[in-house]
Amino acid sequence: MDNCIFCKIVEKQIPATILYEDDDLMAFNDINPAAPVHFLIIPKKHLSSLADASAEDAVLLGKMLELAPKLAAQQACAYIEHADGSKSGGFKTVINTGPNGGQVVYHLHMHVIGGAKLA
């Protein structure tokens with residue numbers, strides 16, 4: 001996609017603070033963070049939104065979800081269940097889809113947000 005900012009980040013035409021990259025995915029810090037920790041996980045394959053994903057994208061979507069807690073832990077936002085049964089830490093994942101869903105960039109992306117206690 002010629003005009004897609006996230007495709008340009010994948011192609012390294014636009015700089016980003018990259019937290020993770022493999023053949024299928026890239027994760028980088030959000031340029032307008034909503035919390036102390038706020039990064040995006042995107043597929044390198046251009047999908048305009050979650051609504052455009054198909055059954056053939058199921059593994060890719062699963063990879064995105066599996067990566068979120070690993071990267072959150074690296075960013076000091078791990079969800080922890082303690083031996084006494086108490087819980088601490090954690091993060092929020094958000095995928096905005098379409099204009100009514102708050103999507104601004106039309107390349108599928110998952111926000112991972114953490115740090116201070118979130119509402």
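Where is the place of D57? I found D57 in the loop between β3 and α2; helices (H or I, at least four residues) and strands (E, at least two) are DSSP runs, numbered from the N terminus.

I noted that this is a predicted model, in which local features need pLDDT of at least 70, side-chain atom pairs count only at pLDDT 80 or more, and totals for chains, interfaces and linings use all residues. Residues are numbered from 1 along each chain as its sequence is written, and side-chain values use heavy atoms, with hydrogens and water left out.

**D57.** I looked up its accessibility: D57 is buried, at a relative accessible area of 3% (buried is under 20%, exposed over 50%, partly exposed in between, with a 1.4 Å probe and protein chains only). Its side chain makes a polar contact with the side chain of K45 at 2.6 Å. A polar contact is a pair of N or O atoms within 3.5 Å; within protein, one must be able to donate a hydrogen and the other to accept it, and residues adjacent in sequence count only if both atoms are side-chain atoms.

**S49.** I placed S49 in the loop between β3 (37-43) and α2 (58-74). S49 counts as buried because its relative accessibility is 8%. Its side chain reaches the backbone nitrogen of A51 at 3.2 Å.

H109 sits in the loop between β6 (91-94) and β7 (110-114) and is buried at 6% relative accessibility. A polar atom of its side chain lies 2.7 Å from the backbone oxygen of H107.
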